[in-house]
Amino acid sequence: MKKKQQLKILSEGIQIQHDTENLLIILSGDLRSCDCVRIVTEVQEYLTSSIKKIDFIDDGLQTWDSSLLLILYDILRLARHNQVSYDCSHLPQNLQDLLDLAFAVDRRPPQKTSKKQDFLENIGAKSLVFRDMILHVIQYIGAICVAFWRCLTSRSIMRYIDFLSALDDCGPKALGIVALISFLVGLILAFVGAVQLQTFGAQIYVASLVTVGMCRIMGAIMVGIIMAGRTGSAYAATIGTMQVNEELDALETMGLPKIDFLVMPRLLAMLLTMPILTLLSDVMGMLGGAFVGVVLMNLPYQEYWKYAFDAFTLNNFLVGIFHGFCFGFIIALCGCYCGLTCGRKADSVGIATTQSVVNAIVWMIVVTGIITVICQELGI
Amino acid sequence: MKKEIAIDVRDLTIGYGDYVLLHDANYQVNKGDIFIIMGGSGCGKSSMLRVLTGLLLPKKGTVIINGVNMETAPQTDIQKIREKSGILYQSGALFSSMTLAENIALPLQQYTTYSPETIRELAHLKLALVGLTGFDDFYPSEISGGMKKRAGLARALALDPDIVYFDEPSAGLDPISSHHLDELIIKINQSLGTTIVVVTHELASIFAIGTNSIFLDANTKTILAHGRPQELLKHPPHPEVYQFLTRGEKK
């Protein structure tokens with residue numbers, strides 16, 4: 001024998017009536033911004049194994065929004081899951097249509113695998129990624145060597161207008177910032193040195209300190225950092241945006257080598273301009289030192305320059321220029337590599353730009369260390 | 001019975017700088033209509049949509065949406081109108097760093113007081129409504145162009161809008177996907193009573209879904225025709241309109 005029907009108000013406008021086998025959900029009035037989660041949870045409690053059918057009744061339903069639709073959708077999903085039959089035919093036609101639309105699935109999504117890796121698997125996976133990255137970098141450098149050869153044998157498809165544009169960008173347009181920063185670095189170097197040297201009356205050696213410091217390493221490092229931030233990041237951003245806009249795919253499908261077309265003009269421009277910018281940086285740094293020594297510390301002008309030129313050696317100068325050349329190679333390589341491996345999301349270009357600067361600076365320091373050790377061994 | 005007016009455009013002139021794209025446009029969109037803005041390339045269809053959605057200021061004239069003058073009304077009223085409008089851009093314009101569910105949740109988090117759990121469920125429901133059940137955790141880069149448009153529509157429907165604008169919904173879709181999207185537009189219009197404004201030059205879509213339309217002309221820079229697309233084809237008010245609706249046939 002069926003139990004007597006009980007009535008319960010779930011919220012204003014939603015009532016539930018049930019006996020052992022049937023559940024009746026009665027909707028009325030204004031049903032907007034309903035507390036969906038609570039109502040569905042309460043209905044779920046009534047869906048015991050004995051319930052065989054759910055009926056929905058429109059008892060003067062006036063206005064409703066997505067929250068009511070969500071309640072009905074969730075209840076129907078529960079009913080389907082529990083194999084309970086339901087009848088929506090008494091609901092307004094538009095609500096029925098929307099529920100039909102919500103359940104009309106035209107395709108199933110592919111399964112995403114989200115298996116959690118344990119510690120060793122994680123290390124293994126990361127090692128494989130690292131190995132792939134190393135192989136990719138070796139391939140990239142190899143492709144650049146091949147492109148160089150094509151360039152030397154006049155078989156490259158590099159556009160000379162691109163080369164000239166890159167040359168203009170990392171040459172004349174960079175002169176101002178390189179000159180200013182180098183002058184200030186020379187000035188700071190002189191100040192810091194002067195404070196120490198003054199304590200034992202050897203302030204004239206400020207000239208030697210600034211000359212050796214700027215010519216041997218500081219000039220090249222300053223130019224490297226400026227160019228990594230200014231030009232290397234621009235390379236990554238430009239090529240990365242081309243990746244996002246599918247321009248790299250277009251190059252690929254047209255059979256145009258990306259290295260010839262995009263990397264070579266930038267790399268050659270950088271290799272050509274970096275030694276010149278390093279030379280400029282050396283000169284401006286020495287002028288900054290002279291400004292502190294002659295104007296602020298009142299050292300005799302001729303004596304200052306005599307000590308400066310005495311400290312200047314061709315070896316120091318050439319080591320500095322060589323550093324500049326190597327840094328140019330690293331900056332162009334990192335900038336273009338990060339651009340070429342950029343993702344296709346909106347934030348990918350930002351990530352590529354940051355990576356290009358970080359990678360360039362790290363590799364510049366590593367290469368400086370290597371060159372320093374080699375010079376030490378060779379007695380240069 | 002006279003229908004309520006959703007959008008009332010009066011003496012509208014659109015242009016960029018000194019260049020006038022369209023002048024003295026007058027038309028009305030009734031509530032519950034699927035209204036087509038059609039015309040050849042460069043006639044100002046997309047600019048008209050930009051004016052209706054508030055992305056471009058008109059050079060002259062007024063746009064009244066649901067009784068609110070979009071030029072003179074207080075900012076709070078304009079904001080309410082914007083909250084009640086959904087836009088589906090040509091590319092879908094989904095945020096690529098977010099999953100589909102997160103894309104749909106974004107306006108809900110911004111403009112409603114629903115709990116995070118309800119928002120998640122609502123996002124799931126909206127995706128289900130456009131036939132993307134189970135794609136909640138997918139990124140836009142992992143789905144096809146047609147699915148991106150559906151997901152964009154789900155986001156446009158997030159706040160139960162009164163008006164939904166579509167910018168070239170069929171662009172870049174195969175005929176079957178385009179047909180499915182047309183069906184979806186009709187179902188949403190009929191089920192939710194949403195007013196729909198579609199900018200398109202896709203003839204199949206125009207005849208399949210349009211209940212009213214205007215035809216913009218790039219030469220005269222005016223509205224050349226106004227009416228139901230089928231009626232315009234039967235009784236074209238201008239040879240240009242007939243030529244457009246018959247893919248170049250001359251009357």
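Student: Of the six residues of strand β1 (residues 6–11) of chain A, how many are buried, and why?

Tutor: The number buried is zero, so β1(A) lies largely in the open. Here buried requires 20 or more other C-beta atoms within 10 Å of a residue's own, exposed means 12 or fewer, and partly exposed is in between, with C-beta atoms placed from the backbone. The model is a predicted one, in which local features need pLDDT of at least 70 and side-chain atom pairs count only at pLDDT 80 or more, while totals for chains, interfaces and linings use all residues. Residues are numbered from 1 along each chain as its sequence is written, and chains are lettered from A and ligands numbered from 1 in the order in which they are written.

The partner of β1(A) is strand β2 (residues 14–18) of chain A, joined to β1(A) by five bridges and running antiparallel. Strands are DSSP runs of E with at least two residues, helices are runs of H or I with at least four, and both are numbered from the N terminus. Two strands pair if DSSP finds at least two bridges between them. A:Ser11 has A:Ile14 in β2(A) as its bridge partner. The two strands make a hairpin with two residues between them, and A:Gly13 in the turn has a positive phi of about 100°.

Chain B has an open sheet of six strands in the order β6-β7-β8-β3-β9-β10, with mixed pairing. Its edges are β6 (85–88) and β10 (222–227), each with a single partner strand, so one side of each has no neighbour in the sheet. From one strand to the next the twist averages 15°; axes are lines fitted to C-alpha atoms, for helices over the stretch in contact, and angles run from 0 to 180 degrees between N-to-C directions. Within this chain, β7 (residues 163–167) and β8 (residues 195–199) run parallel and are joined by five bridges. B:Phe166 is bridged to B:Val198 in β8(B).

A:Leu70 lies in helix α2 (residues 66–81) of chain A. Leaving out residues up to four places away in sequence, A:Leu70 touches A:Cys36, B:Glu121, B:Leu122 and B:Leu125, where contact means C-beta atoms, placed from the backbone, within 7 Å. A:Val37 is 33 residues from A:Leu70 in sequence and 9.3 Å away in space, C-alpha to C-alpha.

How values were computed. Contact = placed C-beta atoms within 7 Å.
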